[in-house]
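Subject: Structure handover

Hello,

Please find the structure below, with the sequence.

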Amino acid sequence: MKKTVFRVLDNLESYLCQFLLVFFVVLLFIQIVLRNLFSGSLAWGDELATYAFVWFAYMGAVYAAKMSAHNRVTFQFRFFPRVVEKVCNIFTDLVWVGFNLYFVYLSYDFAFNRMNVFWKSQTMGIPMKYFYTILPLAFLLMSIRILQNMYVKHVMHKQVIDPEDAQIEEMKRKQNNTDNKT
């Protein structure tokens, strides 16, 4: 039971992204079918699909932070000792976390303190603060994932591999196996 809970929490962003992607694609498909076959549509369908897409994009950014897949410029570190790269990476990650936490504060303040309580979504009539909660939530989760990766890299001394780098290594391995067979 405990392992299942930790597995779900560790993959929460992935599950939410998958759900949101399927949800907004299905909703848009239904809208297209309704428009083309029945000359009508759900009044709230496009708006909800838009909000689901926005939530998907922000959760995708969190997932990318978890996978350490955000773009970084690291070429210059080839010319310096390894310790310089480590210190620079820690510094930039802490700056990134600082920015994220500041944005959590700003977006929370905007959504729950400064936003007019009468601002509602156009067709659904739901207060906009519920749609804007993705901002503080995503930036907070992104900060947690960055700190988690920092812990894994610098305290546990394990390598966090970017999925793209892993695919490139796999392709190289397959190419080498193919070359060795011929």
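The residues lining the largest cavity divide by class into four nonpolar, three polar and three charged. Please keep in mind that this is a predicted model.

The residues concerned are Ala65, Ser68, Ala69, His70, Arg72, Asp93, Trp96, Ile146, Asn149 and Lys153. Two helices, α4 (82–114) and α6 (134–154), each supply at least two residues of this lining. The biggest contribution is from α6, which gives three residues. As for volume, the largest cavity holds about 70 Å³ of space. With a threshold of 30 Å³ or more, the count is one cavity.

Helix α1 covers residues 2–10 and helix α2 covers residues 12–38; their axes come within 4 Å and cross at roughly 60°. Angles from 65 to 115 degrees would count as roughly perpendicular and those under 35 as roughly parallel, so α1 and α2 are oblique to each other. On the α1 side, the contact is made by Arg7, Val8, Leu9 and Asp10. On the α2 side, Leu12, Glu13 and Tyr15 take part. By class, the residues of this contact are four nonpolar and three charged, with no polar ones.

Both items can be checked directly against the coordinates.

Regards

Note on methods. Residues numbered from 1 in each chain as written. Predicted model: local features only at pLDDT ≥ 70, side-chain atom pairs only at ≥ 80, totals over all residues. Heavy atoms only, no water. Axes fitted to C-alpha atoms, helices over the stretch in contact; angles between N-to-C directions. Parallel < 35°, antiparallel > 145°, perpendicular 65-115°, else oblique. Contact = heavy atoms within 4.5 Å. Nonpolar A, V, L, I, M, F, W, Y, C, P; charged D, E, K, R; others polar. 1 Å grid on protein atoms, 1.4 Å probe; cavity = no way out; pocket = protein on both sides within 12 Å on 5 of 7 lines; lining within 4 Å. Points joined across faces, edges and corners; volume = space filled by probe spheres on them.
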